[in-house]
2 protein chains.
Amino acid sequence: MNTLSYGLLSLISHSPLSGYDLMLKIQPFWPAKHSQIYPLLANMEKENQVTFELVSQSDKPDKKVYSITAEGIESLKLWLTEPASDPVMRDELMLKAYCVSFVDPAISRKLFIDRLEYYHMKLQRYKDKIANIQKADGLKEGEVPSYRSPLFGAYILLNKALMSCRTNIEWCEWVLSVIPPEEK
Amino acid sequence: MNTLSYGLLSLISHSPLSGYDLMLKIQPFWPAKHSQIYPLLANMEKENQVTFELVSQSDKPDKKVYSITAEGIESLKLWLTEPASDPVMRDELMLKAYCVSFVDPAISRKLFIDRLEYYHMKLQRYKDKIANIQKADGLKEGEVPSYRSPLFGAYILLNKALMSCRTNIEWCEWVLSVIPPEEK
DNA sequence: GAGAGCATGTAAGTGGTTACATGATTCC
DNA sequence: GGAATCATGTAACCACTTACATGCTCTC
């Protein structure tokens, strides 16, 4: 059971999901490819943390839908009592930013303009998701789901994503404002 | 030449550094252990991206101090013209946050209190560093080094670190304000 | 019929961590 | 003498990515 396994278990704990669904859902919090996820699910099934059910679909291929077991819930609770390890952020733009002085402002600006676009795209997606949660829980704007609501976790996470995204946008715009517009 | 190699090259481009120094300096932007860095430096030396000089020290063990070559500078410039790959963030706290509802508020609170302390520590370190840069470049509070200054990159990066840190602190405090204080 | 999305898996290779190994120097 | 920091390296292992492989279903 590594960190990604616990992450998958977290998602499954809220509602049964297929490996494919898990792969899509976990991206914002812990990027992982399907090739990493499927073997972990098989292991967790062997260790009775999850069970699966084969679900036939008429409009799509069949799938394995995983559910958490009582044993899995206990593992999750135990894991939550342990301190979280330090966050790891790896961003090539940070490395490039360190030596932008070597190249023309136009080249530097492009890096930050691209990144700005990336964050604007993310921002819109997070906004949509948070609106969905509020609709699902019948909440008004800015109202927070109750601590015991299964949506509480998703809500605080989306807020974090939203806040980080806005900060990143602010930073990119500031950097663009301090890079000279042109140079020959 | 992978991303970490270019990151090392970025740092070396500003001033000659030993493998040990590089290991310490690159942590905030691209965490890496010495065991990963030393072999990459040896490779880059073989490919004439960097050269090293053995420096004897009286108060400390001898070291290899690496400098960038003309060829290395060209590689850096070329790398800067390529778009930066998407940032990767992996934070165990995000996964735990998703299922905090399963445990008592006291256990959840601890996770965020610990993280808050972590970010406060970081914040102080970044503040100190930014003050050092402004002193080194003879700048006033809020004044930005010129684009061509070798400190420009470090300055914008430290600002990013500072802003992100503050946003994370804000988020942790908000989460603590929406987790009920106790429960029996 | 081709392409895109859904769905699951394995194999090979790279990136990154932990552990092993050594040794100098300084401070307590 | 022991612990901490500086300094460099290798080996084994785990995490992660890319590529290979297969097949269903829907839309154009």
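Helices (H or I, at least four residues) and strands (E, at least two) are DSSP runs, numbered from the N terminus. With that in hand, let's work through some exercises.

The model is predicted: local features need pLDDT of at least 70, side-chain atom pairs count only at pLDDT 80 or more, and totals for chains, interfaces and linings use all residues. Residues are numbered from 1 along each chain as its sequence is written, chains are lettered from A and ligands numbered from 1 in the order in which they are written, and side-chain values use heavy atoms, leaving out hydrogens and water.

**Exercise 1. Describe the surroundings of DNA strand D.**

Step 1: count the residues near the strand, that is, with a heavy atom within 4 Å of it. There are 24, and the closest are Ser35(A), Gln36(A), Asp59(A), Gln57(B) and Lys64(B).
Step 2: pick out side-chain N or O atoms by phosphate oxygens of strand D. The distance is 2.9 Å for Tyr20(B), 2.7 Å for Gln57(B) and 2.4 Å for Lys64(B).
Step 3: assign elements; those giving two or more residues to this surface are α3 (34-46) of chain A and, in chain B, α2 (19-26), α3 (34-46) and β3 (63-68).

**Exercise 2. Is Asn159(B) buried or exposed, and what does this residue touch?**

Step 1: locate Asn159(B) in helix α7 (residues 152-178) of chain B.
Step 2: read its relative accessibility; because the value is 14%, Asn159(B) counts as buried.
Step 3: list its contacts (heavy atoms within 4.5 Å). Leaving aside neighbours within four places in sequence, Asn159(B) is in contact with Trp171(A), Trp174(A) and Ile130(B).

**Exercise 3. State the domains of chain A and their separation.**

Step 1: take the bounds, which come from an automatic or database domain assignment: domain 1 (3-81) and domain 2 (92-178).
Step 2: compare the C-alpha centres of these two domains of chain A, which lie 27 Å apart.

Key
Polar contact = N/O pair within 3.5 Å; in protein donor to acceptor, adjacent residues only side chain to side chain. Buried < 20%, exposed > 50% of the residue type's maximum accessible area, 1.4 Å probe, protein only.
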